[in-house]
Amino acid sequence: MTMPTKQIISEKLQNCFPNGCTRILLINPPVIPEHEFDQNVALNRRYPVFPPYGLGILNRELKQHGYISEILDLNYGIFSHGADFAVWKKLLHQRVNSFRPDVCAITCMYSMTHPSLQAVSDYLKDLNDKIVAIAGGVHPTAAPEVVLTTCRGIDFIMLVEGETSLVALLDHINKKTGAETLRQTATLIDGDIVILDERAVETNIDAPPDFGDLPIGQYHDMGKIGAYHNLLPDDVKASTILSNRGCRGNCTFCSVKAFFGGGGVRMRDIHAVVDEMEFLKQKHGIKHFMWLDDDLLFNEERAIRLFDEITSRNLGITWDASNGVVARSISPAVATSAYKSGCIGLTLGIESGNSEILRSVRKPSGIRHFKRAAQVLNEFPEIFTKGFLMLGFINESVAQIKDTVNLARELALDWYPIQILTPFPGTGFRKQLEEDGLIDPDTVDNKFFLGSTGGQRRREAEEKVDAKDFQDPFTGDLARIPTAEELKDLWFVMDYRVNYEKILGEERPVKLAMLQKMLRDICERVQENPLAALYWGIIEHKLGDTTAAWHLKKLSRQYLHNSDFWRKRFEALDIYRLF
């Protein structure tokens with residue numbers, strides 16, 4: 001008879017912990033993998049450096065159940081030591097020696113952080129092969145086979161939300177409970193993966209995280225917290241806050257639904273949320289908050305009450321919704337309440353301007369919702385508005401991508417972050433590609449990273465002296481399905497059409513000041529970018545600083561002189577006329 005999964009996992013746990021387990025070290029690994037890390041970008045504070053909110057929740061739960069736990073944030077440690085990437089090993093070694101953990105629980109939010117998870121867990125085994133390492137978070141949940149087979153240092157995975165199931169696992173190790181209490185666990189047994197996917201009962205989410213002695217007020221000084229970091233004065237400290245878990249949507253390219261389950265959105269008590277904000281302001285001096293919510297406006301009436309509670313307490317804070325909100329929930333009442341409570345930045349999840357694509361990926365909003373939301377937000381020019389856009393959907397034609405460009409130009413939001421669709425593990429999009437044989441199920445890092453550390457910058461460097469021919473990809477047969485290489489050029493032109501060209505017609509001082517900060521951020525993050533430098537110069541001219549405008553246009557010409565990649569694009573898109 002085949003042994004039940006719970007019993008199999010139970011036996012391995014007892015073998016790993018013959019003397020029980022009381023001391024747990026919670027580890028946040030480097031977010032940017034070493035091969036992508038650029039020290040200059042880090043020193044310019046252009047990498048994400050978030051307080052580890054999820055580990056704070058785990059830390060609270062562990063302590064409440066009698067366990068001894070601490071948080072080690074290796075990501076913060078790198079930036080607080082002069083952006084010295086190699087320092088994480090020293091920090092980990094020191095903490096293991098001083099804390100003497102029985103188990104190390106390592107979080108991994110993004111697939112791009114997989115190399116860091118692997119490096120940290122393997123190094124732990126090198127330090128002490130008796131230490132048991134458990135991985136958790138979105139990426140290990142979505143790709144447990146990949147994590148267990150490529151990370152020799154990982155012994156177990158806690159799937160989905162782990163605060164209840166981790167405590168249950170530790171209680172079982174310490175013989176407080178039987179194997180029947182085990183939930184949400186994966187491991188390797190004799191080379192075969194064993195997965196127990198039965199979910200634990202959800203914990204109460206009203207209580208705030210326990211960050212221990214982490215210097216929450218100093219995170220802002222190390223890097224970016226949210227997508228609107230560049231709009232904040234340097235002396236304004238920022239952090240994160242959470243008001244609910246889950247999302248009403250079930251978009252095929254997103255893993256939120258799989259991670260938080262299909263039980264809907266779980267909302268925290270409004271007063272508990274604002275109490276946490278007030279505490280962080282009083283103890284750590286936090287004056288700006290980024291919402292971690294995936295569906296901040298899930299309940300419109302509650303959202304208004306939440307924002308009104310912030311306003312009524314006169315906290316004097318600002319906030320942004322970097323993760324994106326569902327456009328259909330943007331009403332005049334919601335926008336007014338958000339503005340009064342301190343909203344400075346709001347991102348809409350748009351993705352596509354083609355109705356057929358939106359239906360195929362199951363977006364909870366449609367084109368009419370996007371248009372209405374843009375119209376409402378236009379009444380609040382002090383709120384910097386963004387819209388997430390994507391290209392590269394399955395069988396998406398160039399014509400359909402052009403629909404997205406046209407809609408974005410019509411909505412006239414302030415900026416559009418654009419991504420070539422990434423097949424993240426655990427998403428419907430990824431599963432469809434695997435079923436169609438278009439992607440290897442074991443592939444981990446197949447993304448086209450944009451920005452200063454990714455594929456776009458590598459391509460610029462490779463073609464700096466002798467670039468490939470370039471022409472506007474939005475020409476020819478628009479019914480064609482673009483290749484992976486074409487998508488890169490489509491991304492480039494799309495970015496230019498929806499983000500830069502509209503600056504020529506912008507005259508509102510409040511918007512020009514915001515765009516000035518946006519372009520300065522890009523120039524500091526992405527070195528030698530003639531397009532950003534040129535348009536930054538155009539903005540400075542509009543704002544009346546002709547000296548700065550002249551200097552920036554001179555820089556742009558200098559960058560062009562040094563790059564055949566950029567020269568070909570300026571010529572094809574007729575950008576030289578702007579000098």
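**Figure 1. Helices α16 and α19 cross in a right-handed sense.** The model shown here and in the other views is predicted. Helix α16 covers residues 398–411, and helix α19 covers residues 484–500. Their axes lie 10 Å apart and meet at an angle of about 20°. Angles under 35 degrees count as roughly parallel, so α16 runs roughly parallel to α19. From α16, the contact draws on V398, I401, T404, V405, A408 and R409. From α19, L487, L490, M494, R497 and V498 take part. By class, this contact holds 8 nonpolar, 1 polar and 2 charged residues.

**Figure 2. Helices α21 and α22 pack with a left-handed crossing.** Helix α21 spans residues 530–542 and helix α22 spans residues 546–561. Their axes come within 8 Å of each other. The crossing angle is roughly 165°. Angles over 145 degrees count as roughly antiparallel, and the two helices are therefore roughly antiparallel. On the α21 side, the contact is made by P530, A533, L534, W536, G537, I538, E540 and H541. On the α22 side, T546, A548, A549, L552, K553, S556, Y559 and L560 contribute. The residues of this contact divide into 10 nonpolar, 4 polar and 2 charged.

**Figure 3. Helix α11 and the elements that cover its buried residues.** Helix α11 runs over residues 270–284. Its 15 residues should span 21 Å at 1.5 Å a residue, and the end C-alpha atoms are 21 Å apart, which agrees. Buried residues in α11 are I270, A272, V273, V274, E276, M277, L280 and H284. Residues three or four places apart in an α-helix point the same way, because there are 3.6 residues a turn.

**Figure 4. L214 in the loop between β7 and β8.** L214 has 9% relative accessibility and so counts as buried. Leaving out residues up to four places away in sequence, L214 touches P52, I71, D73, Y219 and H284. L214 and Y76 are 138 residues apart in sequence. In space, the C-alpha atoms of L214 and Y76 are 9.3 Å apart.

**Figure 5. I205 in the loop between β7 (192–196) and β8.** I205 is buried, at 10% relative accessibility. Beyond its neighbours within four places in sequence, I205 is in contact with R245, R266, M267 and R268. R245 is 40 residues from I205 along the chain. The C-alpha atoms of I205 and R245 are separated by 8.5 Å.

**Figure 6. F37 in the loop between β1 (23–28) and α2 (39–43).** The relative accessibility of F37 is 17%, so F37 counts as buried. Not counting residues up to four places away in sequence, F37 touches I32, A42, Y47, I78, F79, A83 and F85. E528 lies 491 residues from F37 in sequence. The C-alpha atoms of F37 and E528 are 18 Å apart in space.

**Figure 7. A86 in the loop between α4 (74–80) and α5 (87–99).** A86 is exposed, with a relative accessible area of 52%. The cut-off for exposed is over 50%. A86 and H229 are 143 residues apart in sequence. Their C-alpha atoms are 26 Å apart in space.

**Figure 8. V160 and E351 have positive phi values, although neither is a glycine.** Phi of V160 is near 45°. V160 is found in the loop between β5 (156–158) and α9 (163–173). At 10% relative accessibility, V160 counts as buried. Phi of E351 is about 70°. E351 belongs to strand β13, which covers residues 343–351. E351 is also buried, at 5% relative accessibility.

Technical notes: Residues numbered from 1 in each chain as written. Predicted model: local features only at pLDDT ≥ 70, side-chain atom pairs only at ≥ 80, totals over all residues. Heavy atoms only, no water. Axes fitted to C-alpha atoms, helices over the stretch in contact; angles between N-to-C directions. Helix = DSSP H or I, 4+ residues; strand = E, 2+ residues; numbered from the N terminus. Parallel < 35°, antiparallel > 145°, perpendicular 65-115°, else oblique. Left-handed = near helix turned anticlockwise from the far one by under 90°. Contact = heavy atoms within 4.5 Å. Nonpolar A, V, L, I, M, F, W, Y, C, P; charged D, E, K, R; others polar. Expected span 1.5 Å × (residues − 1). Buried < 20%, exposed > 50% of the residue type's maximum accessible area, 1.4 Å probe, protein only.
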